[in-house]
Amino acid sequence: MRPVLPETSAPVRPLMPFWLALLTAAAGGVALDTGFPDKSIWPVTFLGIALVLVSVIGRRAPGAFLIGLVGGFSFWGVHIIWLTLYLGPIPWLALAILQALFFALGTSLIAVVYGRARRVWPGTRIRLVMLPIVIAGLWTAREAITAVWPEGGFSWGRVVFSQSESPYASLVAWIGFSGVSFVMVWLVAFLIELARASAVASTTRAVWAATAIVATLAMPAWYSPTEGSSRIAAVQGNTDASLFSQRAAGDVLSDQTAETLKIIDQKVDMVVWPENGSDLDPARSAQASKQLDYLSGKMNAPFIVGTITNPSQNTYYNTSLLWEAGRGSIDHYDKRHPVPFAEYMPARAFFRAIVPDLVDLVTRDYSKGTTDTVFDVNGVIAGISICFDITDDAVARDMVHDGAQVILAQTNNADFGKTDENLQQLAIARLRAVETGRSVVNISTVGTSAIIAPDGSTIASIPPYEAGSMISDVPLATQETPAMLLGSGIELLVSGLGLAGFALSLFAGRSPRRAQREAPRAS
């Protein structure tokens, strides 16, 4: 007679057939994307997390990997479809598959923990406490790793980025981006575990669920004290500065200049142009130098200008210059985080042998910048972020630690047309303002551009694909938020809890089969 195994030794059964799990994960990926701009239906992100998690409960690691691969590709395939606009399907497909593989690895680890949770944490209450923490920690660890690796990572698509207009946005000032991702996944995992805890009375489960939801929303918004303001002008030339632009050299500079001339009589403390705002390097072009000298002199204000610099043969930087009339470039920042396969080509010879036409589109390799992250603009310390830098947590911390009172986020979205990309980036900039407690001047070549207050509200904006300018008294701040003070500590803590829980699940206790074999001997 086969022995009856206790609940803690019985294998966890899948919640649905395998084919349905695949469909559920695919739906989960689409739901995840729906929370992001431009749809921005932020509650649906929680539904997406739930669908992904329930699809792998009870699955062994190989099956969970396949389910996660489907869910991950469903999300990433939709989320970064803007890559296909000019580059076609191959780069989009390659990046979506790579990110889906990481997603699948994360879900397979989560499945292992779900499968062994009853043996590691036999009691219902302890499982309700520990299991959601480990699940959320593993999800956050996967996001954290892919944000920095390989080739500097792709810090895009973290679930927190769907919450720029939700009540959870204010939480990033306390616990940072990874902390909010953890809280979001923890809440969903806790509610799922409550639904599975049949030993707990329905009324009790309902009370605990309501308490968990309220608790994640109960933290008050961080008050970011400001210390004066700086009158800043930001100019969007609505110019074709894309990779495949057929315009003549100097046209981008001319468009930026033409729009700046419309505000030439304004009294401002600084003028900010976007990334690639001058397609001619003022250090090497007399035309660019004269135009910037004229504008800076007439407005009696320094200019912060994006350009491409070539300080030595075969060395290029995506650079922001601090330019003053009569003095030229008095400071510069070189982009810390050039984008692989766009601003430089890793293993060029290898990839050229596979897709030579695409590799040859990247005609030069930008180097990683090593300069500090701030400019002293007549006494105002401005943090400088170029495009993808705004997604980099380390760059944000460096700006604040270097004394930034305001963040100038220069970007060029011309390569992505009227897609979701620019709105996704603006959402990250909005969250970055809240996280750092600093105003962010997000200025693009083609939009969407906005000046964002430290609380995440919009002070001024320019619609996409319209030439225009923003002039505002932008609040300055010096006090660090808890998220900045904690640095990467929260991310390391929650990721460590997830990985430790996985290790415990992997090695703790006997397997169900071994228990079956040894049960007759014990009797």
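## Helix α9

The buried residues of α9 (251-261) are Val-252, Leu-253, Gln-256, Thr-257, Glu-259 and Thr-260, where buried means under 20% relative accessible area, exposed over 50% and partly exposed in between (1.4 Å probe, protein chains only). They sit on the same side of α9 because they cover an arc of only 165° around the axis, taken from the directions from the helix axis to the C-beta atoms. Among what covers them are β1, α10, β3 and β12. Helices (H or I, at least four residues) and strands (E, at least two) are DSSP runs, numbered from the N terminus.

This is a predicted model: local features need pLDDT of at least 70, side-chain atom pairs count only at pLDDT 80 or more, and totals for chains, interfaces and linings use all residues. Residues are numbered from 1 along each chain as its sequence is written, and side-chain values use heavy atoms, with hydrogens and water left out.

## The sheet

Six strands make an open sheet with mixed pairing, in the order β5-β4-β3-β2-β1-β12. Its edge strands are β5 and β12; strands count as paired if DSSP finds at least two bridges between them. β1 runs antiparallel to β12 over 8 bridges, and Gln-236 has Gly-468 in β12 as its bridge partner.

## Salt bridges

A salt bridge here is a side-chain nitrogen of Lys or Arg within 4 Å of a carboxyl oxygen of Asp or Glu, and the structure holds 15. One of them joins Asp-393 and Arg-432, with the closest N and O atoms 3.1 Å apart. That pair links helix α13 to helix α14, 39 residues apart, and both residues are buried. Shared partners join Arg-158, Asp-393, Arg-432, Glu-435 and Glu-491 into one network.

Technical notes: Contact means heavy atoms within 4.5 Å. Axes are lines fitted to C-alpha atoms, for helices over the stretch in contact, and angles run from 0 to 180 degrees between N-to-C directions.
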